[in-house]
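Thanks for asking me to look this one over.

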Amino acid sequence: MTPISGKTKLFATLGHPVTHVLTPQKLNTLFAKRHYDGVMVPVGIAPGQDLATFAASIRVMQNFGGAVVTVPHKTAIVSLCDRLSHRAEAAGAVNVLRREADSSLTGDLLDGVGFVNGLKNAGEVIKDRRIFLAGAGGAALAIAFALAEADAAHITITNRSQDKLDDLTTRLKKSFPDLSISQNGNPDKHDIVINATSLGLRENDPLPVDPAHLHPPMLVAEVVMVPEQTPLLKAASQAGCRTHSGRHMLAGQLSAIFDFLTAE
Ligand SMILES: NC(=O)c1ccc[n+]([C@@H]2O[C@H](COP(=O)([O-])OP(=O)(O)OC[C@H]3O[C@@H](n4cnc5c(N)ncnc54)[C@H](OP(=O)(O)O)[C@@H]3O)[C@@H](O)[C@H]2O)c1
């Protein structure tokens, strides 16, 4: 790692809580590998006014490069950005934020791209596949957009809260009018089953999908990174399905995050 100096650019991984984050470690390794003079640290910020205060603060920090934005700030940060990529605007969520030289803030949404890259890097095909997606939060939304961009044949989405499910379905239909989408149901007759909820993070969480509907040759994929073998992935393995852990998603988007954050 380049020693920290007055020229070092500062980056943050922003969340609440931040104790479980893995992005700073991975990005700092990538900074070193690419001889980039930057350092990323976890920054715990409570939702609400504190998030607005954070955004105002980084505008006046001249050596601040940008941030990776994680739970629960991905939608709230949108209105604090000056410009958004098309996908961030369409999805109404941001997971990377860059401070420009004129102190303005640009947001993009890369975790769906990372998830799709992770599947492709593991040799999986998305084009023409039927996907069952559990969740309608920030990660699910980003993944749904990226799956649509990768030409999935059909996406079934399920979520605990119907209003968020409706919102995601509406946004997706607006951006991809020809995409086949349905709500609820179960994973039967799907090729890829994805947990994009936060269920699995805590020990006593219920499973995000009923394991009775998991069977080969389905691929069962996770967004949850810790633990790596979530209860869902264990149940999928027991049912004879192939599995794909949440770590692939982060690995798949590291390079895209680096390029975004360090762009001049
Ligand atoms: N691997 C990676 O690189 C990566 C990247 C991004 C995120 N993630 C992980 O993805 C997960 C979700 O993040 P997010 O940004 O989408 O969070 P979020 O916006 O807060 O969404 C959480 C989702 O989980 C659902 N959920 C939470 N508790 C639930 C419960 N008890 N029962 C049923 N559903 C429940 C929510 O349903 P409701 O809508 O009903 O609340 C919502 O669909 C987190 O674990 C995060 O760490 C991983």
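**Notes on the predicted model**

1. By class, the shell around the ligand is made up of 11 nonpolar, eight polar and four charged residues. That shell comprises 23 residues, and the closest are G138, A139, N159, S161 and V223.

2. Now for the ligand's oxygen atoms. A polar side-chain atom of R160 sits 2.9 Å from one oxygen atom of the ligand. From the backbone, a polar atom of S198 is 3.2 Å from a ligand oxygen, and an N or O atom of G137 is 3.4 Å from a ligand oxygen. On its own the ligand has 920 Å² of accessible area, and the protein covers 83% of it.

3. H35 is placed in the loop between α1 (23–33) and β2 (38–44). Is H35 buried or exposed? H35 has a relative accessible area of 71%, and because the cut-off for exposed is over 50%, H35 counts as exposed. C-alpha to C-alpha, H35 and R160 are 44 Å apart in space, and they are 125 residues apart in sequence.

4. If you are thinking about cysteines, how many disulfides does a search of the whole structure find? The search finds zero. Two cysteines to look at are C81, with a relative accessible area of 12%, and C241, at 7%. Buried means under 20%, so C81 and C241 both count as buried.

5. A word on the annotation: an unreviewed UniProt entry labels residues 14–97 as "domain: Shikimate dehydrogenase substrate binding N-terminal". In the model, the chain over residues 14–97 is 33% helix and 23% strand. The end C-alpha atoms of this stretch are 10 Å apart.

6. Finally, have a look at E100, which is placed in the loop between β5 (96–99) and β6 (105–108). Its relative accessible area is 14%, so E100 counts as buried under the 20% cut-off. The side chain of E100 also makes a polar contact with the side chain of R98, at 3.1 Å.

Key. Residues are numbered from 1 along each chain as its sequence is written. This is a predicted model: local features need pLDDT of at least 70, side-chain atom pairs count only at pLDDT 80 or more; totals for chains, interfaces and linings use all residues. Side-chain values use heavy atoms; hydrogens and water are left out. A residue is near a molecule or strand if one of its heavy atoms lies within 4 Å of it. A polar contact is a pair of N or O atoms within 3.5 Å; within protein, one must be able to donate a hydrogen and the other to accept it, and residues adjacent in sequence count only if both atoms are side-chain atoms. Accessible areas come from the Shrake-Rupley method with a 1.4 Å probe; for residues, only the protein chains shown count as cover. Ala, Val, Leu, Ile, Met, Phe, Trp, Tyr, Cys and Pro count as nonpolar, Asp, Glu, Lys and Arg as charged, and the others, Gly among them, as polar. Helices (H or I, at least four residues) and strands (E, at least two) are DSSP runs, numbered from the N terminus. Buried means under 20% relative accessible area, exposed over 50%, partly exposed in between (1.4 Å probe, protein chains only). A disulfide is a pair of cysteine sulfur atoms within 2.5 Å. UniProt positions are given in the numbering used here, feature names are shortened, and annotations may be inferred rather than shown by experiment.
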